[in-house]
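These are my notebook entries on one chain. I record below what I looked up, entry by entry.

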Amino acid sequence: MQQHIIIVSGGRLGSVDFFRAKLSEAGDRLLICCDGGARHLAAAQVLPDVVVGDMDSLSPEQLADYERRHVQILRYPTDKDFTDTALALNHAMDLRPSSIEIWGALGGRVDHVLANIYLLMRARQAGIPARLVDDFGEIFIAGDKTQLVEAVGCTVSLVALSGDVRGITLDGFQYPLTRENLSPPESRGISNVIIASPASIQVESGDLLVIRYWQKDVFPEAD
């Protein structure tokens, strides 16, 4: 079993220095790159272990360099039913890792961002913790109990992803909850703030999406 897998997709990556620092912290990991994310790894001067996609974003020279350096290439036809990120996730889940991170999955096209968020549900159904990550924060589906440490002052938003989420209890938050329910049309889970460490989120049933920002009052800026 691979301990931890990092997928790099073709969306916004953010700070290359932040990405490299997180790679260093990951320790033993497998790095899967969607072919559209190869430019991110080139900028970071990082070699992937696996490249997945139709290879339309790679130059012949870059593809030949990967093959020469024994990078595994998983090539798919251009006309396919899945995004490259979904194909990369499928391959990652087949390896039964302990956890999965997906970078480059946010920013840009809203349709791709939404599809990437729903990929978290596929990983959850397979029993594999997964999250979308960038230099602003992380997005994941809460487990039965989730702890957030060293995050005092950070903003956390909660969204019911599929149907009602029941039995939500929040400790260490500015706006605590005790066995409350949240439905998809509601926005009352937006912009809570952590006031104690560790803070915790407990869920009795349902898919609760957690958007956690790394730094106090630091968010992606609108144009």
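With which residues is Glu 138 in contact, leaving aside its neighbours within four places in sequence? I found Arg 131, Leu 132, Val 133, Val 210, Ile 211, Arg 212 and Trp 214, where contact means heavy atoms within 4.5 Å.

**Entry 1: conventions.** I note that this is a predicted model, in which local features need pLDDT of at least 70 and side-chain atom pairs count only at pLDDT 80 or more, while totals for chains, interfaces and linings use all residues. Residues are numbered from 1 along each chain as its sequence is written, and side-chain values use heavy atoms, with hydrogens and water left out.

**Entry 2: Glu 138, continued.** I located Glu 138 in strand 7 (residues 137-141); helices (H or I, at least four residues) and strands (E, at least two) are DSSP runs, numbered from the N terminus. Glu 138 counts as buried because its relative accessibility is 7%; buried means under 20% relative accessible area, exposed over 50%, and partly exposed in between, with a 1.4 Å probe and protein chains only. Its side chain makes a polar contact of 2.2 Å with the side chain of Arg 131. A polar contact is a pair of N or O atoms within 3.5 Å; within protein, one must be able to donate a hydrogen and the other to accept it, and residues adjacent in sequence count only if both atoms are side-chain atoms.

**Entry 3: the chain as a whole.** I counted 5 helices and 13 strands in the secondary structure. The C-alpha atoms fill a box of roughly 55 × 40 × 35 Å along the principal axes. Of the 223 residues, 47% count as buried. Among contacts between residues at least 6 apart in sequence, 65% join residues at least 24 apart.

Entry 4: I looked at strand 2 (30-34) and found 5 of its 5 residues buried. Leu 30, Ile 32 and Cys 34 point one way, and Leu 31 and Cys 33 the other way. In a regular strand the side chains alternate between the two faces of the sheet. Strand 1 pairs with strand 2 in the parallel sense over 4 bridges, and a pair requires that DSSP find at least two bridges. In this pairing, Ile 6 stands opposite Leu 31. Strand 2 also runs parallel to strand 3, joined by 3 bridges, with Cys 33 opposite Val 51. The crossover from strand 2 through helix 2 (residues 38-44) to strand 3 is a right-handed β-α-β one. Strand 1, helix 1 (residues 16-26) and strand 2 likewise make a right-handed unit. Right-handed means that, with the strands pointing away from the viewer, the path from the first strand over the helix to the second runs clockwise.

**Entry 5: the ends of helix 1.** I found Ser 15 capping the N-terminal end of helix 1, with a side-chain oxygen 3.4 Å from the backbone nitrogen of Asp 17. Just after the helix, Gly 27 takes a positive phi of about 65°. Asp 28 lies in the loop between helix 1 and strand 2 and counts as partly exposed, at 49% relative accessibility.

Entry 6: I found 9 of the 11 residues of helix 4 (residues 84-94) buried, among them Leu 87, Leu 89 and Met 93. Their cover includes strand 1, strand 2 and helix 5 (110-125). Just after helix 4, Arg 96 has a positive phi of about 55°. Ile 100 touches Leu 89, Ala 92 and Met 93, among others. Ile 100 is also one of the residues with the most contacts inside the largest nonpolar core, which has 34 residues. Apart from that core lies another of 20 residues, including Phe 19 and Tyr 66. A nonpolar core is a set of buried Ala, Val, Leu, Ile, Met, Phe, Trp, Tyr and Cys residues joined through side-chain atoms within 4.5 Å.

**Entry 7: Thr 169.** I located Thr 169 in strand 9 (residues 155-171), buried at 14% relative accessible area. A polar atom of its side chain lies 3.1 Å from the backbone nitrogen of Arg 179.
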